[in-house]
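Me: Got a model I'd like to go through with you, strands to begin with and then the ligands. Shall we take it piece by piece?

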Amino acid sequence: MVKLGVIIPAAGQGKRMGASVNKQFLPLQGRPLLAHTLSLFERSGAVAEIVIVSAKEDRERIAELVRTEGFQKVSAIVLGGEERQESVFAGVKALSSLIQRVAVHDGARPLLTCLELNRFFTEAEKFGAAIMAVPVKDTIKRVDAQGKVLETPPRETLRAVQTPQVFARSLLEEAHHKAREAGYLTTDDAALIEWLGHPVQTLMGSLENIKITTPEDLDLAEAILAKRMNQVNHGDRSLDSL
Ligand SMILES: Nc1ccn([C@@H]2O[C@H](COP(=O)(O)OP(=O)(O)OP(=O)(O)O)[C@@H](O)[C@H]2O)c(=O)n1
Ligand SMILES: C[C@](O)(CO)[C@H](O)COP(=O)(O)O
């Protein structure tokens with residue numbers, strides 16, 4: 001398995017969560033949400049280094065979390081920007097020169113399992129750009145600014161996109177540099193690669209790999225983790241797979 005560098009963008013404000021602390025520090029099963037995310041990559045044998053991107057006001061708290069959790073693979077905690085794209089770009093610049101492939105994973109997606117992650121890394125090796133995604137369960141409408149329906153795209157052609165997203169380092173660097181020059185701003189790194197005209201492959205993600213965005217997501221995350229622990233306690237699932 002190819003060793004790779006991981007960028008964890010964690011420099012958002014968590015506004016939609018509406019909590020008094022940044023959502024990344026909210027407890028999930030008594031442990032900060034961000035610690036769950038970092039722990040996954042710390043445990044994966046495919047990962048050589050982890051760069052965390054932080055807001056200025058959270059940097060010391062994240063450094064403290066890394067120390068108390070004993071994470072060994074974190075090579076840098078760098079400052080992010082106003083937009084997620086700027087934050088990831090800051091992370092790209094902080095990767096060690098030896099890193100050839102890069103995974104980007106939202107700090108706010110703590111529920112991916114080790115089994116799912118390692119499977120994804122293996123499948124992604126064949127592609128210059130590969131992203132986790134799941135088929136959408138709802139019928140999706142494209143609408144105008146007033147909410148009038150413009151079209152109903154065939155559901156089989158639609159995917160809800162997740163992270164991790166894995167890229168050849170040179171491709172990700174080129175995409176970020178060119179997008180910065182052109183003033184192109186988007187919500188995920190794969191869109192930058194598409195914009196470059198390079199193919200992006202979707203690989204099966206997990207319906208449990210949710211991004212914690214609003215308070216309901218936190219309730220769902222607690223329920224998913226409780227279910228998993230129950231399965232472990234009943235011998236239906238191994239602890240290593242989590
Ligand atoms: N300027 C930003 C914005 C987002 N992120 C990170 O990108 C991930 C996905 O973003 P999202 O969940 O939308 O987080 P926030 O931007 O914090 O949420 P909100 O829009 O509600 O403020 C999060 O881990 C977040 O910390 C980042 O590093 N830098
Ligand atoms: C990268 C991402 O998580 C893929 O679903 C998503 O695009 C992040 O964007 P958001 O606007 O911050 O939710």
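Me: Which residue in β10 is the bridge partner of Ala 103?
Reply: This is a predicted model, where local features need pLDDT of at least 70, side-chain atom pairs count only at pLDDT 80 or more, and totals for chains, interfaces and linings use all residues. Strand β6 (residues 101-104) and strand β10 (residues 159-168) pair in the antiparallel sense over four bridges; strands are DSSP runs of E, at least two residues, numbered from the N terminus, and two of them pair if DSSP finds at least two bridges between them. In β10, the partner of Ala 103 is Val 166.

Me: On to ligand 2: which residue has a side-chain N or O atom 2.5 Å from one of its oxygen atoms?
Reply: Residues are numbered from 1 along each chain as its sequence is written, chains are lettered from A and ligands numbered from 1 in the order in which they are written, and side-chain values use heavy atoms, with hydrogens and water left out. The residues surrounding ligand 2 (a heavy atom within 4 Å) include Arg 16, Arg 84, Thr 163 and Lys 211. Among the polar contacts (N or O pairs within 3.5 Å), a backbone atom of Val 161 is 2.7 Å from a ligand 2 oxygen, and the side chain of Arg 109 comes in at 2.9 Å. The 2.5 Å one belongs to Asp 106.

Me: What share of ligand 1's area does the protein bury?
Reply: 19 residues surround ligand 1, the closest being Gly 14, Lys 15, Arg 16, Lys 23 and Ser 87. A polar side-chain atom of Ser 87 lies 2.7 Å from a ligand 1 nitrogen, while a polar backbone atom of Ala 11 is 2.8 Å from a ligand 1 oxygen. Taken alone, ligand 1 exposes 560 Å² (Shrake-Rupley, 1.4 Å probe), and the buried share is 88%.

Conventions:
Polar contact = N/O pair within 3.5 Å; in protein donor to acceptor, adjacent residues only side chain to side chain.
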